[in-house]
Amino acid sequence: MALLNKDGSRLDGRGVTDLRPLKITAGVLNRAAGSCLIEWGRNKVLAAVYGPHEVFPKHLTNPRRALINARYIMAPFSSQEEHGRSGPNRRSIEISKVARHVFENVVFTERFPKTMIDVHMEVLQSDGGTRVSAITAASVALADAGIPMRDLVCGVSVGRVDGKLVVDLDKYEDNLGESDVPVVISPRTKELLLFQLDGLLSKKEVSEGLDMIFEAANVIREKQVQALADKFKDVDSGDLQ
Amino acid sequence: MILEEIKEDYIKELLKQKKRIDGRALDAYREIKITKDFIQNAEGSAIAEVGGTKVLAGVKFDIMTPFADRPDEGVVMFGSEFSPIAHPDFNAGPPDENSIELARVVDRGIRSAESIDVKSLFLEEGKVLGVFVDLYILDHSGNLIDTAGLAAMSALKNTKIPKVEDGKIIRNEFTGKLKLVREVAVTTFEKIDGVIIADANSEEEVASEGRMSLSTSSDGFVCSAQKSGKAGFSKQELMDLIDLSSEKSKELLRHI
């Protein structure tokens, strides 16, 4: 099955480095300290941040820093295929773990000892690239909650379909393509905070793929900043002085 | 383990001079030993030892219904068990996130490398052979992932395909060996205070801020990657690690 059109464009008409339509909205929930809805292609992910609050279970309390409690989960109706089972599965447990590592890197956890910060990522509709969408949204939700961070992280995937490297794979390209590399970076330091890879790739392809990701991250970052600016546009800075 | 935590400062001090707590070079693995066919009742098995770490891999076959989107392919499944006999901090119970991550990282390397010819496991419409690879951690002295990967590859390389008659497996009769299309090893590197080392022991793992696991095949492809832990990696660090992983995976695969 061909995954690229004869003119080299992708089945949905995108060029190899084009992102799907991306919309980020900050502050969409009332009770959470911070929240964000990301709509990226058909993906819809809602991120919410609670805390810093007391640690539960208590014996995990770290006297030196806050714990990050990251939870990535897919709703049972989120996929285009069959009804999924609700609750965590092996895949979501693994993704929650590596997502937690991302936020442990950027959040100034040492400023909130003996506490816990919850980062919930609910995938409501999925279409490939949900983990990078979720982490991109959660980063905005953390900023919305006023949690001090070293950087606003963002992510996107790169992969090879029909022998060509393409950015921001949808579900079809992910399933039928030859590889998938979801990456989360810190745009400020250019460090890879989440890096996973599946499929056969040469070193050169990994290198080129990462350059495509760094390029795409500029666009994503801009949308994140804009979402936060929109949320806080009515705040009168005069009150803060 | 508190004893391992106390050594953290000492490990970091040594690494500043490019030295390791057990005297190894930064990129050196501990001694590797493979024991094949340890479990005769399994269709394939192997114990891999890397230094003081010991992992037993067992391979069993069953008749299965194929996945709907892959009707002509056998099913391959990886599980792992962090047995309480292996470490004072391991408790009996359902797999935790470390156990799940280990099984999935080993799985992804072997699956992406297309090591097992899954089409050869097709029996008839609606029936395929399922291959279950279970990774039993017996002794944990660091670098479980690479040891488990090595145990899995060794076990699969010595796996016999059971005879199937009238839709049933005849145990202890075989039609031949499981053919491996491509061999792959997972290599894990830990980052401690900015210094990257291969094959960390358990004390070094406690001191580590982040790790990168790369599976590279015998013909030089990167088959899977998993970054874990708080520390980030630069692109250059990743590129250097791909080279080092290719070199080290050849070294590891010589033992299987």
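**View 1. Helix α4 of chain A against strands β1 and β2.** In this predicted model, helix α4 of chain A, residues 203–231, lies across β1 and β2 of chain A. The helix runs at about 35° to β1(A).

**View 2. The open sheet of chain A.** Five strands of chain A make up an open sheet, arranged in the order β1-β2-β3-β5-β4. The pairing within this sheet is mixed. Its edge strands are β1 (22–26) and β4 (67–74) of chain A, each of which pairs on one side only. From one strand to the next, the twist averages 15°.

**View 3. The pairing of β2 and β3 in chain A.** Strand β2 (residues 34–40) and strand β3 (residues 43–54) of chain A run antiparallel and are joined by 7 bridges. Within this pair, A:C36 stands opposite A:A47 in β3(A).

**View 4. Helix α1 of chain A against strands β4 and β5.** Helix α1 of chain A, formed by residues 90–106, lies across β4 and β5 (115–125) of the chain A sheet. The angle between this helix and β4(A) is about 140°.

**View 5. Overview of the interface of chain B and chain A.** Chain B contributes 36 residues to the contact, and chain A contributes 29 residues. Together the two chains bury about 2800 Å², with 54% of this area on carbon and sulfur atoms. Three residues, B:E97, B:K230 and B:K235, account for 22% of the area that chain B buries against chain A, more than any other three residues.

View 6. The interface of chain B and chain A holds 8 salt bridges. One of them links A:E94 with B:R108, and the closest N and O atoms of this pair are 3.2 Å apart. On the side of chain B that touches chain A, β4 (75–82), α3 (97–112), β12 (222–229) and α6 (235–253) of chain B each supply at least two residues. By class, this side of chain B comprises 15 nonpolar, 9 polar and 12 charged residues.

View 7. Strand β9 of chain A, residues 191–201, pairs with β12(B) in the antiparallel sense. The pairing extends over 4 bridges. Here A:Q196 of chain A stands opposite B:Q226 in β12(B).

Conventions: Residues numbered from 1 in each chain as written. Chains lettered and ligands numbered in written order. Predicted model: local features only at pLDDT ≥ 70, side-chain atom pairs only at ≥ 80, totals over all residues. Heavy atoms only, no water. Contact = heavy atoms within 4.5 Å. Buried area = accessible area lost by both parts, 1.4 Å probe. Salt bridge = Lys/Arg side-chain N within 4 Å of Asp/Glu carboxyl O. Nonpolar A, V, L, I, M, F, W, Y, C, P; charged D, E, K, R; others polar. Pairing = 2+ DSSP bridges. Axes fitted to C-alpha atoms, helices over the stretch in contact; angles between N-to-C directions.
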